[in-house]
Amino acid sequence: MSGLVTGDAVVLGLQPARLPSRALAVLIDLVVVWAAYLLITLGLTVATASLDEAAVMAVSVASFLLVLVGAPIAVETLSHGRSLGKLACGLRVVRDDGGPIRFRHALVRGAMGVVEILMTFGVVACVASLVSERGRRLGDVFAGTLVVRERMPAARVLAVPPPPPWLVGRFAGIDLSAVPEALWLEIRQYLTRARELDPVVGRRLAERLADELVARTGTPPPAGVPADAYLAGVVAERQARDARRAFAPSAGVVAPGAVPSPAPVLAPAVPPVVVSPAPPVVGPVVESDPVVESKGRPTGFAPPA
């Protein structure tokens, strides 16, 4: 890795491109550029057949500078460091701080490339790239640039072997809060490559890791359980806990695709109305005259005698 440091003091782990990949990219670029130059030269030869020798020479020099020098500079500037050959090989030109290059960087690289690549047939560029620690040619040194690899091979992820069936769920109550991530990484690396190690070396490494794990958790392995099985069982328990924590539904969170059940509607609490019975009326009963109404007016009706 190159260890480039940005302006924010962030270290970039970029892999510098080496001589074989850079040479292939330059070869592809030269084939394309020389093919374009030959076609343009043939066209200009036909177009300038009626001109004198000085004019033809001036047109030839201008076409050489524009096609073989100006075109690569323009392509690297517009594509931010990716020419056709670099794009095919998965390479890119960046600044020393990891940022994209600009016109001045491409101009210095192109001007030095005329001397390094075209005039010396690439000998100077190859020697400088072999001597440099990061594979830079003179144009990269003067321009403050670096050619890095954009396409990195994907790392092969090895699965951790499962523990023996009789150890599944045996460490459900173990406390894993004090185990650092560095120790988990060492245990995972050991379990994934245990078959590739020498049996004696692998057993010693497993015992050392098991001792460190016991010191962090306070839970020793059961009697008769080997160190590698103990490590596999604890790692399986940690993975199970992570899976339960990741897939367990949280309170108030509806899973995707699930229809939330409507909340029950509660009627407002109404205080009961207490009706007190009317008190009985105690007093003499007065018979009313049917002829006279309550207001003292005659009704015009007299009952039969």
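Among contacts in the chain between residues at least 6 apart in sequence, what share joins residues at least 24 apart? The share is 66%, where contact means heavy atoms within 4.5 Å. The structure is a predicted model, in which local features need pLDDT of at least 70 and side-chain atom pairs count only at pLDDT 80 or more, while totals for chains, interfaces and linings use all residues. Residues are numbered from 1 along each chain as its sequence is written, and side-chain values use heavy atoms, with hydrogens and water left out.

The chain contains nine helices and four strands; helices (H or I, at least four residues) and strands (E, at least two) are DSSP runs, numbered from the N terminus. Along the sequence the order is β-β-α-α-α-β-α-α-α-β-α-α-α. Of the 305 residues in the chain, 28% are buried. Here buried means under 20% relative accessible area, exposed over 50%, and partly exposed in between, with a 1.4 Å probe and protein chains only. The accessible surface of the chain is about 20,700 Å², and carbon and sulfur atoms account for 66% of that area. Accessible areas come from the Shrake-Rupley method with a 1.4 Å probe; for residues, only the protein chains shown count as cover.

Strand β3 (residues 91-95) is largely enclosed by the rest of the structure, because five of its five residues are buried. In a regular strand the side chains alternate between the two faces of the sheet. On one side of β3 lie Leu91, Val93 and Arg95, on the other Arg92 and Val94; all are buried, and both faces are covered. Strand β4 (residues 145-149) pairs with β3 in the antiparallel sense over five bridges, where two strands pair if DSSP finds at least two bridges between them. Within this pairing, Val93 is opposite Val147 of β4 and Leu91 is opposite Arg149 of β4. Four of the five residues of β4 are buried, so β4 too is largely enclosed by the rest of the structure.

Side chains of opposite charge can pair when their charged atoms come close. The structure has 16 salt bridges, a salt bridge being a side-chain nitrogen of Lys or Arg within 4 Å of a carboxyl oxygen of Asp or Glu. One of them joins Arg22 and Asp140, with the closest N and O atoms 2.9 Å apart. This pair links distant parts of the chain, since Arg22 is in helix α1 (residues 19-47) and Asp140 in helix α6 (residues 138-143), 118 residues apart. Arg22 counts as buried because its relative accessibility is 10%, and Asp140 is buried at 0%. Another salt bridge connects Lys86 and Glu76 (3.5 Å, N to O). Lys86 lies in helix α3 (residues 84-89) and Glu76 in helix α2 (residues 53-78), so this pair ties together parts 10 residues apart in sequence. Both Lys86 and Glu76 are buried.

A further salt bridge, between Glu186 and Arg208, has its closest N and O atoms 3.7 Å apart. Glu186 belongs to helix α7 (residues 181-192) and Arg208 to helix α8 (residues 199-217), so the pair ties together parts 22 residues apart in sequence. Glu186 is partly exposed at 33% relative accessibility, and Arg208 is partly exposed at 39%. Through shared partners, salt bridges join Arg22, Glu76, Lys86, Arg109 and Asp140 into one network.
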